[in-house]
Amino acid sequence: MEELRPKARSFIFTASPLAPCLTAAALAAINKIADDDTLVKRLWENREYFAKRMEEAGLNTGSTVTPVIPVIVGDAEKAEELSARLYEKGVYAQAIKFPVVPRGTARLRVMISAAHTREDLEKAADAIIEITKEMGLILL
């Protein structure tokens with residue numbers, strides 16, 4: 001299973017080829033945002049809020065400007081532990097490690113959406129900050 005997981009694109013990446021039903025759903029979503037960009041604006045507001053919280057805490061989020069925000073931990077085992085501990089607190093952030101990313105750059109993959117409330121974002125950010133402090137990954 002561990003050898004298969006990094007190669008199972010549909011398991012890891014949301015950019016894998018879409019089934020016809022998902023393509024239809026994507027088209028419906030595009031039509032919806034063409035009529036009303038409220039959700040797009042909320043997505044970017046949520047992304048900026050969460051990224052700022054991570055950066056203010058001293059966490060490395062890399063250079064991405066997308067709603068998929070990495071929290072770069074470095075060590076694969078620590079990324080796995082962080083992911084598991086977050087899950088226990090009700091926060092799902094998948095650990096991504098070699099061979100998906102280069103050795104020494106293991107990370108959490110935090111996906112922000114327009115559906116997240118400010119309360120959701122605060123809960124996730126607070127949990128990440130709390131646990132990374134406990135693990136000695138940040139010193140603030």
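Reader: Which residues touch the most other members of the largest nonpolar core?

Author: They are Phe50, Met54, Leu59, Leu86 and Val110, in a core of 28 residues. A nonpolar core is a set of buried Ala, Val, Leu, Ile, Met, Phe, Trp, Tyr and Cys residues joined through side-chain atoms within 4.5 Å. The model is predicted: local features need pLDDT of at least 70, side-chain atom pairs count only at pLDDT 80 or more, and totals for chains, interfaces and linings use all residues. Residues are numbered from 1 along each chain as its sequence is written, and side-chain values use heavy atoms, with hydrogens and water left out.

Reader: What elements give two or more residues to this core, and which gives the most?

Author: The contributors are α3 (38-56), β1 (68-74), α4 (76-88), β3 (106-111) and α5 (118-134). Helix α5 gives the most, with seven residues. Helices (H or I, at least four residues) and strands (E, at least two) are DSSP runs, numbered from the N terminus. The protein chain has five helices and three strands, in the order α-α-α-β-α-β-β-α.

Reader: What does Met54 touch?

Author: Leaving aside residues up to four places away in sequence, Met54 touches Leu59, Thr61, Val71, Ala125, Ile128 and Ile129. Contact means heavy atoms within 4.5 Å.

Reader: Why is Asn46 called buried?

Author: Buried means under 20% relative accessible area, exposed over 50%, and partly exposed in between (1.4 Å probe, protein chains only). Asn46 has a relative accessible area of 5%, and therefore counts as buried. This residue lies in helix α3 and touches Ile112, Ser113, Ala114, His116 and Leu121, not counting residues up to four places away in sequence.

Reader: What makes the pair of Tyr87 and Tyr92 edge-to-face?

Author: Rings of Phe, Tyr and Trp (its six-membered ring) pair if their centres lie within 6.5 Å; planes under 30 degrees apart count as stacked, over 60 as edge-to-face and the rest as tilted. The centres of these two tyrosine rings are 6.4 Å apart and their planes are at 80°, so the pair is edge-to-face. The structure holds one aromatic pair, and both Tyr87 and Tyr92 are exposed.

Reader: How do you know that the charged end of Arg103 sits over the ring of Phe98?

Author: A charge sits over a ring if NZ of Lys or CZ of Arg is within 6 Å of the ring centre and within 35 degrees of the ring normal. The charged end of Arg103 sits over the ring of Phe98 at 3.8 Å from its centre. Arg118 lies over the face of Tyr49, 3.9 Å from the ring centre.

Reader: Why does Pro102 count as exposed?

Author: Its relative accessibility is 55%, so Pro102 counts as exposed. Pro102 is in the loop between β2 and β3.
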